[in-house]
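Let's take a walk through this one together. Have the viewer open and keep the residue numbering handy.

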Amino acid sequence: MKQKSLLFSMLAVLMLATGCTKEYITKEYYTNENYGSQVQVFNFNIAPNEWNRFEGENNPGNDNYLYCEKEIGAINNEVFNNGMVMAYAWNVYDVQHNLGAWNALPFIYPLEVIVTDDDGSNRVVIVPENLRFEWERGKVTFIIQDLDGYDPEDMVSAISMKVCVIKNM
């Protein structure tokens, strides 16, 4: 009886072992010099006076936004055709302890706005602001836009931005 169970166990192991096949990964994939990317990082500290205003009609749903253009020569035809550009904004979430984090764009953040009602009373309203970017050959444009379509508030402090230009090799 022991011989039958031993024979059955060995047969099961043999069947399992023969059912596996080796998969070969070529070394060329990892060592070929034609693979990979080159990443360049550009840091900007945008002052309040660097923002321009584009004003449509000051009504909900219209194009009213702030924008700031920065030249980046590294965004060339190679990047435009086969690469990518990513941007981040530094957001301080705890002023008392000077804690913050990089946020990938687009980034929507709440802005407290004081609104005066018809009766003269003031109230605080939270308006979401959209911070995004656009890129083209040679430049990147940062855009701040209220999601309600009205003019965004003027900038009162600098914003740190980071742009990563990725070129395929």
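This is a predicted model: local features need pLDDT of at least 70, side-chain atom pairs count only at pLDDT 80 or more; totals for chains, interfaces and linings use all residues.

Residues are numbered from 1 along each chain as its sequence is written, and side-chain values use heavy atoms, with hydrogens and water left out.

Start with strand S6 (residues 107-116) and strand S7 (residues 122-136), which pair in the antiparallel sense over 10 bridges. Strands here are DSSP E runs of at least two residues, while helices are H or I runs of at least four, each numbered from the N terminus. Two strands count as paired if DSSP finds at least two bridges between them.

Now for the inside. The largest nonpolar core has 25 residues, and those touching the most other members are Trp51, Ile72, Leu105, Phe142, Ile144, Met161 and Val163. Strands giving two or more residues to this core are S1 (37-46), S3 (64-71), S4, S6, S7, S8 and S9 (159-168). S9 gives the most, with 4 residues. A nonpolar core, for the record, is a set of buried Ala, Val, Leu, Ile, Met, Phe, Trp, Tyr and Cys residues joined through side-chain atoms within 4.5 Å. In soluble globular proteins, nonpolar side chains tend to be buried together.

Which residues does Ile144 touch, not counting residues up to four places away in sequence? Ile144 sits in strand S8, and its contacts (heavy atoms within 4.5 Å) are Trp51, Tyr65, Leu66, Tyr109, Glu129, Asn130, Leu131, Pro152, Met155 and Ile159, once residues up to four places away are set aside. Ile144 counts as buried because its relative accessible area is 0%; the cut-offs are under 20% for buried, over 50% for exposed and partly exposed in between, with a 1.4 Å probe and protein chains only.

On to charge. Side chains of opposite charge can pair when their charged atoms come close. The structure holds 4 salt bridges, each being a side-chain nitrogen of Lys or Arg within 4 Å of a carboxyl oxygen of Asp or Glu. One of them joins Lys70 to Glu50, with the closest N and O atoms 2.5 Å apart. Lys70 lies in strand S3 and Glu50 in the loop between S1 and strand S2 (52-55), so the pair ties together parts 20 residues apart in sequence. Lys70 is buried at 15% relative accessible area, and Glu50 is partly exposed at 26%.

Another salt bridge runs between Arg53 and Asp154, whose closest N and O atoms are 2.3 Å apart. This pair links distant parts of the chain, with Arg53 in strand S2 and Asp154 in the loop between S8 and S9, 101 residues apart. Arg53 is partly exposed at 29% relative accessibility, whereas Asp154 is exposed at 56%.

Then there's Glu69 with Lys139, the closest N and O atoms being 3.1 Å apart. Glu69 lies in strand S3 and Lys139 in strand S8, so this pair connects parts 70 residues apart in sequence.

Finish around strand S5, where you'll find Gly100. Gly100 touches Trp90, Asn91, Val92 and Tyr93, leaving out residues up to four places away in sequence. The C-alpha atoms of Gly100 and Trp90 are 6.7 Å apart. Val95 lies in the loop between strand S4 (84-94) and strand S5 (99-104), and counts as exposed because its relative accessibility is 70%.
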